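Keep the sequence at hand as you read.

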Amino acid sequence: LKQSQQEQTYNVNLIGKFKSSWARTTAVFGADFSRLTDNGVMLGDPLMQTVNLQTPVFSSFQTPVQGPYNTFFNSANTYTTSGVYAQLQSTLFDSLHILLGGRYADLNIESVTLPPAWFTSRTDTTSTTKFLPRAGAVFDITKGFSIYASYSEGMKGNPFVLYEGKPQPQTSTQQEAGIKFNFSNGLSGSAAVFQINNDGVPVSQGIFARADGQQRSTGFETNLLWQPTSNWQVWFNYANVNAEQVNNAGAALAGNQLNAVPNNSGRLWVNYRFTGQLKGWRAGAGVYAASSAYIDAANLYKTPGYATLDGSVAYEADRYTVSLSVKNLTDRQYYTPYSYFGGRVAPGQNRTVFANVALRF
């Protein structure tokens, strides 16, 4: 496998702010352009020789000219996205916050299959234009307690996908509603229910894919932050997600759970800031947990749930911050889904240490 990507992105906008006795408004008008080139080559052994994993012997890799490896495909894809957008964000009477916006987007996909390849070389192009609206509102019921709702639509291309026919864009809609709060006892956060619909999802048919997948994710998520004193911080995040296939597509039947998406996941983190002679130091520890997740679209196999422990210590001064953090502190062995040719697993991240230094000028 060999793949290379290059991307160019440009964005220009004009921002205007307006204020009256009953409203504060920010208007944004802009245009954007992005061009992504995605070139990929896959070489493989057409004989598909088996290997005894108890006493493995692997043949050395050779070029297609020398054999036995052949070029399965050699593709060059270009994704060009452009559009104009406008957004209006207003606060009315200090309690109602409204966001209205939209983007007129154009997506052009050019997929070129180059020789040598084991199938006929071809060039496919697709151009799609779509208006993508977004809207949201937050209403402050009382000081420190609000309700909100939002709606948005999206469209994107999927790099490194070989379609049976012309490449197709993937479209989405997202709806969300919930509450936000900030109480005097130091407890703040949000809780929301959501639904995300995806259409035109690539569905693998061997090496090729068809853009006929329909998927839906519904669920609940919450973020809580409790600061009982200036020293202590307790942060909690939890998500319950039901991600399922809507239609029959390839090996995925309607109602199957999407692979690599756990139904339950969350994190608990506790942080302490020292005072007195240790002022500037802080230490934290937490646990991340996730339930089991399917590794294949047919829902035949899944990885077990797992939990990992993390920790950190840092020193912060006026001009710099030095921190040391450790993920998977106990070096827990676990597996996560790895999406490749119908479903695989990969070892989870081993104990990993990160050191960071930040300077402020």
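## The opening hairpin

Buried here means under 20% relative accessible area, exposed means over 50%, and partly exposed is in between (1.4 Å probe, protein chains only). Strands are DSSP runs of E, at least two residues long, numbered from the N terminus.

S1 runs antiparallel to strand S2 (residues 23–44), with 18 bridges between them; strands pair if DSSP finds at least two bridges between them. Ile15, for instance, has Val28 in S2 as its bridge partner. Three residues sit between the two strands of this hairpin.

## Ground rules

This is a predicted model, so local features need pLDDT of at least 70 and side-chain atom pairs pLDDT 80 or more, while totals for chains, interfaces and linings use all residues. Residues are numbered from 1 along each chain as its sequence is written, and side-chain values use heavy atoms, leaving out hydrogens and water.

## Salt bridges

There are eight salt bridges, counting a side-chain nitrogen of Lys or Arg within 4 Å of a carboxyl oxygen of Asp or Glu. One of them joins Asp32 and Arg103 at 2.5 Å, N to O. Asp32 is in strand S2 and Arg103 in strand S4 (residues 96–113), so this pair ties together parts 71 residues apart in sequence. Both Asp32 and Arg103 are buried.

Then there's Glu316 with Arg273, at 3.8 Å from N to O. Glu316 belongs to strand S15 (residues 306–316) and Arg273 to strand S11, so the link spans 43 residues of sequence. Glu316 is partly exposed, at 35% relative accessible area, and Arg273 is partly exposed at 35% too. Shared partners put Arg273, Arg282 and Glu316 into one salt-bridge network.

## A greasy patch

What makes up the nonpolar surface patch of about 530 Å²? The residues are Trp232, Phe236, Leu268, Val270, Val287, Leu309 and Leu329. Patch residues have over 30% relative accessible area and no salt bridge; like charges are joined within 9 Å, and nonpolar side chains (Val, Leu, Ile, Met, Phe, Trp, Tyr) within 5 Å. Accessible areas come from the Shrake-Rupley method with a 1.4 Å probe, and for residues only the protein chains shown count as cover.

Strands S10 (232–245) and S11 (264–273) each supply at least two of the patch residues. Leu268 lies in S11, and its 38% relative accessibility makes Leu268 partly exposed.

Terms used
Helices (H or I, at least four residues) and strands (E, at least two) are DSSP runs, numbered from the N terminus.
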